[in-house]
Amino acid sequence: MSERPAAIDAPSAGAFGDMLRTVEELDTPEGYKAELIRGKIVVSPWSKLRYLRPMRRLRSQVEAHAPEGHVAETSPFLFVFPPAERGFGPDLFVADETAFEAEGRHADGAALSLVAELTSASTKDADWLDKLDTYGRVVPVYLVLDMQVGEITAFWDPSSKGYRSRTTVTFGTPLHVPPPFDFDLDTSEFVGGADVES
């Protein structure tokens, strides 16, 4: 597999349920994940090794401020958004633990309280466009760590037309993460993981 996402032909019926079953049955190579993006099944690599430190630091901070009964994870779980016919495997998520009591291999996107995506050259468009649009209708907080620019953006206040609020800071500057988390995120340890040319 290459470093770039690869689209896979969806079932001819094109129904969301059929595509979801195909994603669940895919035998993706080690280190890759399958998602439903813009009506296609997309297989892409998991994050780069140097993203580990920023992800761990982000996880420990958001976990300390997560709503009661919610867990913060970087495990490869697929969250589905049936009205948008999307299924995403976020780099990091915070979700209600009860979402993982169900049978099956995917969880309800409505259980998410926060999602974070660390951009790469190959996934940046999906993180800033399709995922932003989908998360912006359901998920209370969406964090985009733009690893190519060295900035983090918080989106919040979802609505039927997408997020109504956003703020961006450069890595190294504290970022206020809105309720239900409501704390200042220390972004200083994200600098070393960025792809920014010096």
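Me: Which residues of helix H1 are buried, and what makes them line one face of the helix?

Reply: In this predicted model, helix H1 spans residues 16–25, and its buried residues are Phe-16, Met-19, Leu-20, Val-23 and Glu-24. Seen down the axis of H1, these buried residues fall within an arc of 140°, so they line one face of the helix.

Me: Why is Thr-153 called buried?

Reply: The cut-off for buried is under 20% relative accessible area. Thr-153 has 2% relative accessibility and therefore counts as buried. Thr-153 belongs to strand E11, which covers residues 151–156. Leaving aside residues up to four places away in sequence, Thr-153 touches Trp-128, Tyr-142, Leu-143, Val-144, Arg-166, Thr-167 and Thr-168.

Me: What makes the approach of the side chains of Thr-153 and Thr-168 a polar contact?

Reply: A polar contact needs a pair of N or O atoms within 3.5 Å, one able to donate a hydrogen and the other to accept it. The side chain of Thr-153 makes such a contact with the side chain of Thr-168, at 2.8 Å, so the distance meets the limit of within 3.5 Å.

Me: How do you know which strands are the edge strands of the sheet?

Reply: Six strands form an open sheet in the order E4-E7-E9-E10-E11-E12, with mixed pairing. Strand E4 (70–73) and strand E12 (165–170) are the edge strands, as each pairs on one side only. From one strand to the next, the twist averages 15°.

Me: Which strands does helix H2 lie across, and at what angle does H2 run to E7?

Reply: Helix H2, made of residues 52–64, lies across E4, E7, E9 and strand E10 (141–146), and it runs at about 25° to E7.

Me: How many helices and strands are there in the chain, and what percentage of the residues count as buried?

Reply: The chain has four helices and 14 strands, and 46% of its 198 residues count as buried.

How values were computed
Residues are numbered from 1 along each chain as its sequence is written. This is a predicted model: local features need pLDDT of at least 70, side-chain atom pairs count only at pLDDT 80 or more; totals for chains, interfaces and linings use all residues. Side-chain values use heavy atoms; hydrogens and water are left out. Buried means under 20% relative accessible area, exposed over 50%, partly exposed in between (1.4 Å probe, protein chains only). Helices (H or I, at least four residues) and strands (E, at least two) are DSSP runs, numbered from the N terminus. The arc is that of the directions from the helix axis to the C-beta atoms. Two strands pair if DSSP finds at least two bridges between them. Axes are lines fitted to C-alpha atoms, for helices over the stretch in contact, and angles run from 0 to 180 degrees between N-to-C directions. Contact means heavy atoms within 4.5 Å.
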